[in-house]
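Subject: Structure handover

Hello,

Here is the structure for you to look through. My notes on it follow below.

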There are 2 protein chains.
Amino acid sequence: MTGRDAVGAAADDRLARAALARVAEPGDELVGRWLGELGPGETWRAVREDRRLPGASADRWAGLRLRAERAAPERDLVAIARLGGRFVCPGDREWPRQLDDLGATRPVGLWVRGPCSLRFVALRSVALVGSRACTEYGAHVAGELGVALAERGWTVVSGAAFGVDGAAHRGSLAVGGATVGVLACGVDVSYPAGHRELLGRIAERGLLVAELAPGEHPTRSRFVLRNRVIAALTRGTVVVEAARRSGALVTARHAGRLGRHLMAVPGPVTSGLSAGAHRLIREQATLVASAAEVIELVGDMGELAGEEPGPAVPRDLLAPQAARVLDALPGAGSAGVAEVARGACTSPEAATARLCELRTLGFVERVGDRWQLCR
Amino acid sequence: MTGRDAVGAAADDRLARAALARVAEPGDELVGRWLGELGPGETWRAVREDRRLPGASADRWAGLRLRAERAAPERDLVAIARLGGRFVCPGDREWPRQLDDLGATRPVGLWVRGPCSLRFVALRSVALVGSRACTEYGAHVAGELGVALAERGWTVVSGAAFGVDGAAHRGSLAVGGATVGVLACGVDVSYPAGHRELLGRIAERGLLVAELAPGEHPTRSRFVLRNRVIAALTRGTVVVEAARRSGALVTARHAGRLGRHLMAVPGPVTSGLSAGAHRLIREQATLVASAAEVIELVGDMGELAGEEPGPAVPRDLLAPQAARVLDALPGAGSAGVAEVARGACTSPEAATARLCELRTLGFVERVGDRWQLCR
């Protein structure tokens, strides 16, 4: 980063980054290296003035030039402003520093829509990702986690896709949580179309975030590359339901490589949609069954999951000797002291003493000179 | 063990062990120490002749004496023979050496019914344990594991209880597998009564095993102590469904302490009956979703679970450049080379070359001077 980053990107750098965000594909390492070595301004001038930079093949450079001809960064900055949004660059107050962990694949900049500060909401954030074609179980679990994380002040980050993503965002929104949708297209593009309304609510109460300039459409590779941003932005990633080839596993692998917490929710082994999550748990992910367990992992010291104790059974509180005597009484009918003593392997005197204790505790009752369990 | 053990227990030792099996509760460490120090004969004589042995309280000794008065080992050995069974002692050919790992809590001897050699079938055995009140899911998974393990030549060991135990035994029997039921009562006692027929089939085609002498009935503590035998007998224990206080978790802890493999099958996090299994996985157990994964863990080198590959998608085999060009084509309608080159960020020449490759592979087609995806 240049000295300028520390005080926010200067106007010309911002303009150059806006242009490069339009010209370069997300996560283009070559462009990332140029930015690191030459800075945004010089990199953009080189592309615009066709001064081929080191490492670019003739075809690659030609492609960048083709895109540069169409680039109009001023227009894009106006467009995002019209949407009530902004273009956040490294060095800006709102820039989430954790994205710098991505090194040369760090986003050139982020197009952001919504009332929150990206940097702030990302401080305590968890990614919830999973299958688009999730089961009712997956949708239920994602929704419940979205609710519970938001209620505890955690930001739910996801991809705004159908299935697990959508359920997670909705759960968070339902309890007034700030949720972040990281898109693989422009923040003004409603994709999937069926989520137009959801995307609108996220933009109103949370944040829509994209590396891609306004108007850009998603492609397969853009979905894949988007996942690295979700992983880098958050303290940990939770995979809810994922088949073996799910994009959620890509996010998970990124999270692991970036040293973020990697978690997965188990499901029925009879469901192919849980196979990916189970495999992650076998290999590297921590099994999580509740928001409390997620927070225990990603949260600060002391945010521990409350241990759910089993029901307290008074019988467990008995001393071993008394428990053995209780065991020695028949399920039905009564028994004499000698029989109880034999069953408990103790003396008749000790057996009588324990039986009297058990009577005061309400476990047994005396019938003449015999004893039986209380009904 | 005495020298005699190496060549099979001598008659008097066997008789003494039969008597002590009737007198002592399973896993009685004190009796276990006496057996180690004095041998069976001397231990039994001391009890019978009321020569109090070190470590026994007056009450404890009195209890042992009460039981000794009723002991009739000759009769018990006749009884087990009438059942077509036998009393297997440490040092016998049929004795499973792995039980010696239990140290002072090693069974005094085992009452066995069934056509197989306990030692042999236990060599490649796995314990399947879980809740009596399991869900349909738990019963289904236990049954499927029972089938698949038996088909691969593995012996399923369980407790013959309702729920997971029963389903595991039935699955194994269904494909002609030898299955072992370790009981908390005499091998002639049908407990639970509802499993009379199942117990009969296990005795016919597998093995019923008990520390407790014929006629003895189960008690709470006997169920708990029985679990250590299941854990010690097998190479690993698989918990299928277990609430937080399930006895299956006792078996699991024993398996862990004995250095056996500890495995658990996940389930829906919405099911309390999977909470115990999930907790085990978080703490120490390996998640297993199939018999192949169980065998990969407990089996010999090279018995690996076949990796289930996702469906092979030809698209994945494309070189990055070609994949980017394919991504650049619109989902509907066609595009010119310049547009494709811009989308793929490459030169028009390179784009054309990739498009021709993709055409031969059947991904795209040419329409005049434009290109589109194949329907």
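**Where the two chains meet**

Chain A and chain B bury about 4,200 Å² between them, and carbon and sulfur atoms account for 57% of that. Keep in mind that this is a predicted model. The contact draws on 49 residues from chain A and 50 residues from chain B.

Two salt bridges run between chain A and chain B. One joins B:Arg282 to A:Glu293, at 3.5 Å from N to O. There are also 13 residue pairs in polar contact between chain A and chain B, both residues at pLDDT 80 or more.

Which parts of chain A each supply at least two residues to the side that touches chain B? Among them are helix H3 (58-70), helix H6 (136-151), helix H9 (220-233) and helix H11 (275-283). Strand E9 (286-287) is on the list too, and so are helix H14 (337-344) and helix H15 (348-360). H3(A) gives the most, with eight residues. By class, that side of chain A has 20 nonpolar, twelve polar and 17 charged residues.

Now the salt bridge between A:Arg282 and B:Glu293, with N and O 3.5 Å apart. The pair crosses between chains, from helix H11 of chain A to helix H13 (residues 291-298) of chain B. Is A:Arg282 buried or partly exposed? A:Arg282 counts as partly exposed because its relative accessibility is 31%. B:Glu293 has a relative accessible area of 12%, so B:Glu293 is buried.

**Salt bridges inside chain A**

Over all chains, the structure holds 40 salt bridges. Two within chain A are worth a look.

Start with A:Asp92 and A:Arg14, whose closest N and O atoms are 3.0 Å apart. This pair links distant parts of the chain, 78 residues apart. A:Asp92 sits in the loop between strand E1 (85-88) and strand E2 (110-113), while A:Arg14 sits in helix H1 (residues 11-23). A:Asp92 counts as buried, at 11% relative accessibility. A:Arg14 counts as partly exposed, at 22%.

Next, A:Asp101 and A:Arg260 form a salt bridge, with the closest N and O atoms 2.8 Å apart. A:Asp101 lies in the loop between E1 and E2, and A:Arg260 lies in the loop between helix H10 (247-257) and strand E8 (261-264), so the pair ties together parts that are 159 residues apart in sequence. A:Asp101 is partly exposed, at 45% relative accessibility. A:Arg260 is buried, with a relative accessible area of 14%.

**Domains of chain A**

Chain A is divided into domain 1 (1-71), domain 2 (110-298) and domain 3 (314-373). The C-alpha centres of domain 1 and domain 2 lie 29 Å apart. Seven residues of domain 1 are in contact with nine residues of domain 2.

How much area is buried between domain 1 and domain 2 of chain A? It is about 680 Å², and carbon and sulfur atoms give 50% of it. A:Arg22, A:Glu25 and A:Pro26 supply 69% of the area that domain 1 buries against domain 2, more than any other three residues.

Two salt bridges run between domain 1 and domain 2 of chain A. A:Glu25 and A:Arg222 meet in a salt bridge, at 2.6 Å from N to O. On the side of domain 1 that touches domain 2, H1(A) gives the most, with three residues. That side has three nonpolar, one polar and three charged residues.

Last, a network of salt bridges links A:Arg22, A:Glu25, A:Arg67, A:Asp76, A:Glu216 and A:Arg222.

Best wishes

Conventions:
Residues numbered from 1 in each chain as written. Chains lettered and ligands numbered in written order. Predicted model: local features only at pLDDT ≥ 70, side-chain atom pairs only at ≥ 80, totals over all residues. Heavy atoms only, no water. Contact = heavy atoms within 4.5 Å. Buried area = accessible area lost by both parts, 1.4 Å probe. Salt bridge = Lys/Arg side-chain N within 4 Å of Asp/Glu carboxyl O. Polar contact = N/O pair within 3.5 Å; in protein donor to acceptor, adjacent residues only side chain to side chain. Helix = DSSP H or I, 4+ residues; strand = E, 2+ residues; numbered from the N terminus. Nonpolar A, V, L, I, M, F, W, Y, C, P; charged D, E, K, R; others polar. Buried < 20%, exposed > 50% of the residue type's maximum accessible area, 1.4 Å probe, protein only. Domains from an automatic or database assignment.
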